[in-house]
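Please keep the sequence and the model in view while reading the points below.

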Amino acid sequence: MNSPIMIACAHGTSNTQGAAEVNALRDAIAALRPGLDVREAYVDVQQPDLVDVVAGLPAGESAVVVPLLLSVGYHVKVDIARAVKSRPGSAAAAPLGPDPRLAALLDQRLREAGVTDNDVIVLAAAGSSNPKAAVSVEELLGQLQELRSNRMVAAYGASAKPSVPDAVAMLREELEGGAGAGESAGAVDVGGRVVIASYLLAPGFFHDQLAKAGADVVTEPLLPSPVLAEIALERYDAAVAKAREAAAAAPSEVPSTAPANAPEAAPSDAQEGGFFKAVRRFVTKYFPR
């Protein structure tokens, strides 16, 4: 029985290394799940565009779009949602973050950069106009705070506040004993450094901007790491399971007992019944119990 196609959809970047890292992530997903059809798509900058990939799916095939993104935001709630809605039988999985394994990976990147307990940390995310994105980042920040004792704040590259440069300046002022320093600010030890923890998938425009934000240290992005491929497959599996649950809850196809000369049902009723029949046939084929 064929599994639904996975459309591994990334943001897109003009950075050669960043593009290579994301392609390697797709390869890692496919290697962990032999036989799974993993397809490439983007919501910006690169081709193929997600809308075109969804429109070009083979007739009768289902798909799950897995956002290779770290939080809910405009691309998930609008771009991906619209693409999925255009293709009956398709579904969207949750983004990769937040997840405790990403917090552990960030902790690993901080340790690789030589960050000590005396340093202060700006968790730098891309940012989104969707407020749910900031909630996701704050949740990830809480997970990271469970692993480290450093003073930490979340900041954003665009569309949300505080900006990364503003957060760096604020923590710098605290370290130097200026306004906001002291116990109310987390009792920061003077003499530490300001560190930016890059909560970004791969090198690209936003990561390049982090080097200009005034910090003493900037960590490497999350990729490469096998953790991202594992999470992506879990998001895919969760979306498939949700589709199965929806199929189980859908009305069953019941044979008609009406006499041959019975009046025809109203058109709207016929359309609704036909819809549920189509859903059950589709799910039986691609999401077997």
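A residue is called buried if its relative accessible area is under 20%, exposed if that area is over 50%, and partly exposed in between. By this criterion, 45% of the 289 residues of the chain count as buried. The model is predicted, and every value given here was computed from it. The chain contains 9 helices and 8 strands.

**The chain as a whole**

- The accessible surface of the chain amounts to about 14500 Å², and carbon and sulfur atoms account for 54% of that surface.
- Contacts between residues at least 6 apart in sequence can be sorted by separation: 74% of them join residues at least 24 apart.

**The open sheet**

- Strands of a sheet pair through backbone hydrogen bonds, and the pairing may be parallel or antiparallel.
- In this chain, 4 strands form an open sheet in the order 6-5-7-8, and their pairing is parallel.
- Strand 6 and strand 8 (217-218) are the edge strands, as each of them pairs on one side only.
- Strand 5 (residues 120-125) is joined to strand 6 by 5 bridges in the parallel sense.
- Strand 5 also runs parallel to strand 7 (residues 194-198), and 5 bridges join these two strands.

- I121 has M152 of strand 6 opposite.
- V122 is placed opposite V153, which belongs to strand 6.
- L123 stands opposite A154 in strand 6, and L123 also stands opposite A197 in strand 7.

- Strand 5 is mostly covered, with 6 of its 6 residues buried.
- Strand 6 (residues 152-156) is largely enclosed by the rest of the structure, because 5 of its 5 residues are buried.
- In strand 6, M152, A154 and Y156 point one way and V153 and A155 point the other way; all of these residues are buried.

- Strand 5, helix 5 (residues 131-145) and strand 6 together make a right-handed β-α-β unit.
- N130 is located in the loop between strand 5 and helix 5.
- N130 counts as buried because its relative accessibility is 16%, and the cut-off for buried is under 20%.
- Apart from its neighbours within four places in sequence, N130 is in contact with G73, Y74 and K77.

- D49 lies in the loop between strand 2 (38-42) and helix 2 (50-55).
- D49 has a relative accessibility of 23%, and therefore counts as partly exposed.
- D49 and G12 are 37 residues apart along the chain, and their C-alpha atoms are separated by 9.4 Å.

**Helix 8**

- An α-helix has 3.6 residues a turn, so residues three or four places apart point the same way.
- The buried residues of helix 8 include V227, L228, I231, A232 and R235.
- Further along helix 8, Y236, A239, V240, A243 and A247 are also among the buried residues.

**The aromatic pair**

- How many aromatic pairs does the structure hold? The structure holds 1 aromatic pair.
- This pair is formed by F205 and F206 in an edge-to-face arrangement, with 5.5 Å centre to centre and 70° between the planes.
- F205 counts as exposed because its relative accessibility is 57%.
- F206 counts as partly exposed because its relative accessibility is 29%.

How values were computed. Residues are numbered from 1 along each chain as its sequence is written. This is a predicted model: local features need pLDDT of at least 70, side-chain atom pairs count only at pLDDT 80 or more; totals for chains, interfaces and linings use all residues. Side-chain values use heavy atoms; hydrogens and water are left out. Buried means under 20% relative accessible area, exposed over 50%, partly exposed in between (1.4 Å probe, protein chains only). Rings of Phe, Tyr and Trp (its six-membered ring) pair if their centres lie within 6.5 Å; planes under 30 degrees apart count as stacked, over 60 as edge-to-face and the rest as tilted. Two strands pair if DSSP finds at least two bridges between them. A crossover is right-handed if, with the strands pointing away from the viewer, the path from the first strand over the helix to the second runs clockwise. Contact means heavy atoms within 4.5 Å. Accessible areas come from the Shrake-Rupley method with a 1.4 Å probe; for residues, only the protein chains shown count as cover.
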